[in-house]
Amino acid sequence: MQKGRSRLLELPEGGWQGPVHQAVTSHIRRLILSGALTPGARLPAQRVLASDLRVSRNTVTTALQQLISEGLLEARVGSGTYVALDAAPKAHLKNVTIGAI
């Protein structure tokens with residue numbers, strides 16, 4: 001990992017559990033839903049992310065595509081992949097009861 005970059009998007013201690021693309025997807029999803037990756041944050045380039053996570057670029061591509069389809073990430077042509085601006089409210093609404101004050 002290069003100096004100054006976040007350590008959030010690195011191989012977790014103990015390695016990956018289960019199918020790697022699903023584990024990478026779950027890892028990034030948890031970072032988004034926990035608020036560790038904030039709405040509007042730009043993710044590293046896929047090649048860099050693959051290197052940091054010690055997986056293939058195809059694995060990263062598959063994981064990011066899944067998170068884009070879930071609405072947690074958005075791809076901006078020529079700019080990169082970003083945490084969706086409305087990703088945080090989705091995470092918090094899961095625990096809200098309608099009519100609660």
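1. Among contacts in the protein between residues at least 6 apart in sequence, what percentage join residues at least 24 apart? The figure is 56%, where a contact means heavy atoms within 4.5 Å.

2. The model is predicted: local features need pLDDT of at least 70, side-chain atom pairs count only at pLDDT 80 or more, and totals for chains, interfaces and linings use all residues. Residues are numbered from 1 along each chain as its sequence is written, and side-chain values use heavy atoms, with hydrogens and water left out.

3. The protein has four helices and two strands, in the order α-α-α-β-β-α from the N terminus. These elements are DSSP runs numbered from the N terminus: helices are H or I of at least four residues, and strands are E of at least two.

4. Of the 101 residues in the protein, 31% are buried. Buried denotes under 20% relative accessible area, exposed over 50%, and partly exposed in between, with a 1.4 Å probe and protein chains only. The accessible surface of the protein is about 6400 Å², and carbon and sulfur atoms account for 53% of that area; the areas come from the Shrake-Rupley method with a 1.4 Å probe, and for residues only the protein chains shown count as cover.

5. Helix α3 (residues 57–69) has 13 residues, which at 1.5 Å a residue should span 18 Å; its end C-alpha atoms are 18 Å apart, in agreement. The expected span is 1.5 Å times one less than the number of residues. Gly71, which follows α3, has a positive phi near 85°.

6. The buried residues in α3 are Thr59, Val60, Ala63, Leu64 and Leu67. Seen down the axis of α3, they fall within an arc of 125° and so line one face of the helix; the arc is that of the directions from the helix axis to the C-beta atoms. The buried residues of α3 pack against α1 (20–33), α2 (46–53), β1 and β2. Exposed residues Asn58 and Ser69 are carried on the face turned away from the buried side of α3.

7. Strands β1 (residues 73–76) and β2 (residues 80–83) pair in the antiparallel sense over four bridges; pairing requires that DSSP find at least two bridges between two strands. Ala75 has Thr81 in β2 as its bridge partner. Three residues separate β1 and β2 in this hairpin, and Gly78 in the turn has a positive phi of about 75°.

8. The largest nonpolar core has 19 residues, of which Ile28, Ile32, Leu49, Leu64, Leu73 and Val83 touch the most other members. The elements giving two or more residues to this core are α1, α2 and α3. Such a core is a set of buried Ala, Val, Leu, Ile, Met, Phe, Trp, Tyr and Cys residues joined through side-chain atoms within 4.5 Å.
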